[in-house]
Amino acid sequence: MKPSVVTIEPTGHFCSDCAVRGSAVCASLDAAELRQFEHLGRRVHFSSGETVFSEEDITTSFYNVLEGVMRLYKLLPDGRRQIVGFALPGDFLGMNLSGRHNFSADAIGAVTVCQFAKAPFGRFIEDRPQLLRRINELAIRELSQARDHMVLLGRRSADEKVASFLLGWRERLFMLRGPCNTVSLPMSRQDIADYLGLTIETVSRTFTKLERHGAIEIIQGGVSLLDQARVEALAAA
């Protein structure tokens, strides 16, 4: 984990060219509200491996992911890492009841976020129920993903876990980019192992096995789904 050495752009004038506005927390705002909202945030750029925030740090900011992918993880008492999720453009991070971050987040490759200071953001949403509803929708989606992850970590085989991961990740990419049989995997095999509760050796063997059986083809930066029905059958087992 690298310390954060980031590039920060001046506040304001970003919403007009935001590629994820339609799926982000600000989707519910009208034009006038959006002009006020954009002055609350600042674009911050993180390089690969840099920390966005750390578990148990006091929450001073919220983050809307604009570009790139972030890994979200907790460190167990024995030093092992459990990845609890991956954040994609449009995801909103940092809100919690405790006032401290529940997990750590760092960049997989280059990442750009829109960062909002906690206090002014809180004042802005007080009299905007549509924004509160949007935040609630995102929170429910996050809870649903967390429940799916709990099921994934349960009593399932390595084949079933990897197949479920590939289909779930493809579905998330579909919501951003549209249909595609190629599933880009910016995260490492170790990241996938730490997400699925497996060893990196098991993950690598499972990918090789799925390729040998004709279900997938391993390509640069991801996989192609050659036999979607086989992968879906494994995921549904």
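**Ground rules.** The model is predicted, so I keep to pLDDT of at least 70 for local features and 80 or more for side-chain atom pairs, while totals for chains, interfaces and linings use all residues. Residues are numbered from 1 along each chain as its sequence is written, and side-chain values use heavy atoms, with hydrogens and water left out.

**Entry 1: helix pairs.** I take helices as DSSP runs of H or I with at least four residues and strands as E runs of at least two, numbered from the N terminus. I looked up α5 (residues 189-196) against α6 (residues 200-212): their axes come within 8 Å and cross at roughly 105°. The axes are lines fitted to C-alpha atoms, for helices over the stretch in contact, with angles from 0 to 180 degrees between N-to-C directions. On the α5 side the contact (heavy atoms within 4.5 Å) is made by Arg 189, Gln 190, Ile 192 and Ala 193. Ile 200, Val 203, Ser 204 and Phe 207 make it on the α6 side. By class I get five nonpolar, two polar and one charged residues for this contact. Here Ala, Val, Leu, Ile, Met, Phe, Trp, Tyr, Cys and Pro count as nonpolar, Asp, Glu, Lys and Arg as charged, and the others, Gly among them, as polar.

Next I checked α2 (residues 118-125) and α3, whose axes come within 8 Å and cross at roughly 120°. Phe 121, Phe 124 and Ile 125 of α2 meet Leu 131, Leu 132 and Ile 135 of α3. That contact has six nonpolar residues, no polar and no charged ones.

**Entry 2: the β8-β10-β9 sheet.** Three strands form an open sheet in that order, with antiparallel pairing; two strands pair if DSSP finds at least two bridges between them. Which strands stand at the edges? They are β8 (182-184) and β9 (216-219), each with a single partner strand, so one side of each has no neighbour in the sheet. The twist averages 25° from one strand to the next.

I then went along β9 and β10 (residues 222-225), which pair in the antiparallel sense over four bridges. Ile 218 stands opposite Val 223, and Ile 219 stands opposite Gly 222. Their hairpin has two residues between the strands, and Gly 221 takes a positive phi near 80°. Back to the pairing of β9 with β10, four bridges in all: α6 packs on the sheet, touching β9 and β10, and its direction makes about 125° with that of β9.

**Entry 3: pockets.** I used a 1 Å grid over the protein atoms alone: a cavity is a set of points where a 1.4 Å probe fits but cannot get out, and a pocket is an open set with protein on both sides within 12 Å along at least five of seven lines. Lining residues have an atom within 4 Å of a point. Points are joined across faces, edges and corners, and a volume is the space filled by probe spheres set on the points.

The largest pocket has a volume of about 1400 Å³. Of its 42 lining residues, Arg 141, Glu 142, Gln 145, Ala 146 and Arg 172 are the closest to its centre. At least two lining residues each come from β4 (61-75), β5 (81-87), β6 (92-93), α3 (129-152) and α4 (158-177). The largest share is from α3, with eleven residues. The classes are 23 nonpolar, eleven polar and eight charged.

The second largest pocket has a volume of about 160 Å³. Its lining includes Arg 170, Phe 174, Pro 179, Cys 180 and Val 183. Both α4 and β8 give two or more residues to it, and α4 gives the most, with five. I noted five nonpolar, three polar and three charged residues there.

**Entry 4: cavities.** How many cavities of 30 Å³ or more are there? The count comes to two. β4 and β7 (104-117) each supply at least two of the lining residues. By class the lining has eight nonpolar, one polar and one charged residues.

**Entry 5: Glu 67.** Glu 67 is in strand β4. Leaving out residues up to four places away in sequence, Glu 67 touches Pro 89, Ala 110, Val 111 and Thr 112. I also looked up Arg 147, 80 residues apart from Glu 67 along the chain: their C-alpha atoms are separated by 25 Å.
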